[in-house]
Structures are given as C-alpha cells and as structure tokens.
Amino acid sequence: MRQFDRNAVGGLLAAVLAWQCPAFAQGAAAKPAALLQQPALKRAYASEEMLLAATRAGRRLIAVGDHGVVLLSDDEGKTYRQAKAVPTRATLTAASFADAMNGWAVGHWGAIMHSADGGETWTLQRSDTSVDRPLFSTYFADAEHGLAVGLWSLLLSTADGGKTWNEVKLSAPPEGGKADRNLFALFANRKGAIFIAAEKGTVLRSEDRGASWSYLNTGYKGSFWSGCALADGTLLVGGLRGTIYRSSDDGRTWNAAASGTQSSITGLVEDGGKVHAVGLDGVHRVSSDGGMSFGGTQRDDRQSLTAVAVSPAGEVREFSRAGIVTKP
C-alpha cells in the first residue's frame, strides 16, 4: 500500500492526517471504533480546537475540525457555539450545505455525517474502520446529489442524499500509473462542472455530476490543497509554497498567479469582486483582478490559517489550527 508523503504535504496536513503504517495500526487498533461511536464532547474551549474547514448554511456560518467539533454562528461570526449533537469524535475535515438546512461533513475513518436542521444535529451515514482512509472534501449540488473525496483517489458519490454511497473508480492518469493521487478539494462553477484540486499538480473535471472525470494539465508538480470557481467562471487552485494557478477557459490552460508569498495556501474564497487566499504562517492575500495577482498581510503571530469563509454581510472570517481567529 502506498504511504502518504508527509514531506509533499507539509506542516498543516501532516498534523491532521493519520499515516497508514504497521506501527500506527497496532497502536491504534481500538481507536477508530471509539472515535466513531462516541459523540463529540461539549467543550468550554471548543472554539480553540483545530478547525479545518468552514462553510455557510443559509445565513449561518459553520466550522468543523478536531475531535468532531462543529461550531455554529448566527451573528456574522462574532460568536460561536457547538452543535447540539455530533455522533463522532473523529477529526472532521470538510463540510458542504446544499441549502440552509441540508448539509454534510466528512473526515477521518471515512466518516460522512448529515444534518437536516442547519447543522444543529447530525447523524452518521458512513464510516470505515478497516483503514483510516480519510475524506478531505465534500460537495453537494443539491439535497440529493453529492460527492466526497480523499486519500489515494477515494471518490464517493450519492444520488439519494447520502443514504447510499458508491465508490467511483478513476481512470489512470495520462502519464500512466495508478489512479492513487490524493484528492484534497472539491468545488464547482456556475455551469455545473465539478473540479477536484489534488496532488502532483492535478486538477480533475467532471461534466456529469461526478460519474466520469478528466485530468487537466496545469503544468505544476506540487500539491493543490484548495480551489474555487469565481463568478465569471475563472478557476483558481492553491497549494504548496504559495502556489496559485489560474484558468479562464474551464481548465484547458493554466497560468501561475503572482501570490506574493511562499506560505502554502489552504483556503480560497471570492466575495464582492475580491478573492481571499489564506495559508500557513498567518498569510492572508487578497486579489482585485480575478486572481491574477495578490497583495495582503501576514499575522504577527504567524498563526497557521486553515480555512476562510464570508459571512452573509460580507465579513471575511478566518479559521486556524488554534481555532477561531480573532482580528489582529
């Protein structure tokens, strides 16, 4: 079985991924069942847990992370509270809401859980304790059709709101070898095409809700950890060492953007004509030209930023390995 490359991913993901090796498996033989079967604890310091993703459910902000923590904010991200019921203590890596009520979160041990009440309560739909093959991202086009992706090209699809999940086998990459690249971030454009930012400079595209995929040649060799589609259709992917690549023709051709940083990019979001990119070392870069160039700031505390979201009123909110980020 292929080992996950810690050096290729760097500090952030190395801290949150479980490495599949004999020593680890022997030392944690009983751990996955315990994590998956025990509900997340209510913690006074939940807002200081490592948070790995954030999204919107209608006007509500939702962040997910370590120990099954799910945080909710109904006041533009000024204050947060824990969800009422989360059925797992596994690390949660991503969340996606199809509407204000229906959402899904994914994480370690292949966990997928669903909420039908805007993130207040959750039920576990899927898990796999035979191997810690974590899921890194999920995307739902509507309340029935969704995808989840993760380690070693794990790609799951549902057409019934997650009641059943089916594995989609990717074809081999154009240069040959196995379809075993790690898939880090799902995103879609307004025309319904779905994209995956992945390792080895890979971006994949589907025009049929994830049934089939094509590999797009970006010209980059490192990993892409994040991606987004802008309102005008421009595609952006970001990853190692401050790398941001841009495509204005649905992924047929790509060009490197001037990110202005060497810190790895972990989150991308567009709001009000501006693109926000956050990353390790407290980096927050902003573009006003559709992602061609970026300027911005770096926190004095160098806090590793892991995600970014925009509140209903247009407030940009950051999340980190140390939890909710307060403004400098």
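The exercises below work through the pockets of this structure.

The structure is a predicted model, in which local features need pLDDT of at least 70 and side-chain atom pairs count only at pLDDT 80 or more, while totals for chains, interfaces and linings use all residues. Residues are numbered from 1 along each chain as its sequence is written.

**Exercise 1.** Determine how many helices and strands the protein has, and what percentage of its residues count as buried.

*Solution.* Begin with the secondary structure: the protein has 4 helices and 27 strands, taken as DSSP runs (H or I, at least four residues, for helices; E, at least two, for strands) and numbered from the N terminus. Next, turn to burial: of the 328 residues, 59% count as buried, that is, they have under 20% relative accessible area with a 1.4 Å probe, protein chains only.

**Exercise 2.** Describe the lining of the largest pocket, stating which strand gives the most to it.

*Solution.* Start from the volume of the largest pocket, about 1400 Å³. Among the 46 lining residues, A54, T55, L186, G227 and L268 are the closest to the centre of this pocket. Then assign the lining to elements: those that each supply at least two residues include α2 (11–16), β1 (51–57) and β13 (183–188), and β21 gives the most, with 6 residues. Finally, by class, the lining divides into 29 nonpolar, 13 polar and 4 charged residues.

Note on methods: Heavy atoms only, no water. Buried < 20%, exposed > 50% of the residue type's maximum accessible area, 1.4 Å probe, protein only. 1 Å grid on protein atoms, 1.4 Å probe; cavity = no way out; pocket = protein on both sides within 12 Å on 5 of 7 lines; lining within 4 Å. Points joined across faces, edges and corners; volume = space filled by probe spheres on them. Nonpolar A, V, L, I, M, F, W, Y, C, P; charged D, E, K, R; others polar.
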